[in-house]
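Please read them with the structure open.

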Amino acid sequence: LKLVLATRNAKKVPEMQAVLAGAGVEADVVGLDAYPEAPEVAETEPTFTGNALLKARAVAAHTGLPAVADDSGLRVDALNGMPGVLSARWSGRFGEATGDKDLANLHLVLDQLADTPDGRRGAEFVAAAALVVPGGLETGGVETAVEGVMRGSIIRERRGSNGFGYDPVFVPEGETRTTAEMEPEEKNAISHRGKAFRALAEEIRDLV
Ligand code: ITT
Ligand code: NA
């Protein structure tokens, strides 16, 4: 079985590959690097699941192969769930202009929470994992998605250099380290992405 990862985020790829392999998916999992002409997909849906399906559908249609996508983000309690599906683009053009969009996004969260006391800094990472197998239902086509959540809180300074995005300021519930201070396999064991892709792996194994 050949499976295409429908993401342009190079930091997500090893996490997705490791979780799928660890969950017994014996597939040739290839990144979008092999398909440079694959279309850019506008994330127009209001939900993680909706956007993950858009991304997987576009790559499945383009390649004719089963595709899996991740749409994910951070929901901050004190910000009414923001940045949510906007997590990757929250700092907008300003973030782009700084040359490090992830860092600009992270500083925006710290700034917005500057007056929020400890104990009210709860947040959660959410990931939707989607699988699209091309073809209509009668030819074995599939569209499915599942979400995973990791609860935690936002600290006041950055710690750690593993992971990506908001990892340096996120401490999972019951932990003292940020997800950026964990080894990749420790993060995968408890993360939103790990949970979502372990659940999706069951559906992928059924394809073989
Ligand atoms: P693709 O759409 O190509 O997959 P992207 O980075 O634009 O790449 P998303 O739209 O799903 O992906 O945005 C996810 C953002 O949420 C990401 O840029 C991070 O800022 C944040 N995020 C998601 N998962 C994270 C994690 O495990 N650790 C830290 N930040 C994460
Ligand atoms: Na998104």
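1. Arginine 121 is in contact with Ala78, Leu113, Thr116, Ser153 and Ile154, once its neighbours within four places in sequence are set aside. The model is a predicted one, and these contacts should be read as computed from it.

2. Arginine 121 sits in the loop that joins α4 to β4 (122-133). Buried or exposed? Arginine 121 falls in between: it is partly exposed because 18 other C-beta atoms lie within 10 Å, and a residue counts as buried only with 20 or more.

3. Valine 76 is 45 residues away from arginine 121 in sequence, yet the C-alpha to C-alpha distance between the two is 7.5 Å. Valine 76 is also the end of β3 (67-76).

4. Aspartate 71 belongs to strand β3. Aspartate 71 has 29 other C-beta atoms within 10 Å, so it is buried. Not counting residues up to four places away in sequence, aspartate 71 touches Glu43, Phe48, Asn51, Ala52, Lys55 and Ala128.

5. The unreviewed UniProt entry lists Asp71 under "binding site". That is an annotation from the record and may be inferred rather than shown by experiment.

6. Which residues come closest to ligand 1? They are Thr7, Asn9, Ser87, Ala88 and Gly165, out of 23 residues that surround ligand 1. By type, the shell around ligand 1 holds 5 nonpolar, 9 polar and 9 charged residues.

7. β3 and α4 (101-112) each supply at least two residues of the shell around ligand 1. The most come from β3, which gives 5 residues.

Definitions and conventions
Residues numbered from 1 in each chain as written. Chains lettered and ligands numbered in written order. Predicted model: local features only at pLDDT ≥ 70, side-chain atom pairs only at ≥ 80, totals over all residues. Near = placed C-beta within 6 Å. Helix = DSSP H or I, 4+ residues; strand = E, 2+ residues; numbered from the N terminus. Nonpolar A, V, L, I, M, F, W, Y, C, P; charged D, E, K, R; others polar. Buried ≥ 20, exposed ≤ 12 C-beta atoms within 10 Å, placed from the backbone. Contact = placed C-beta atoms within 7 Å.
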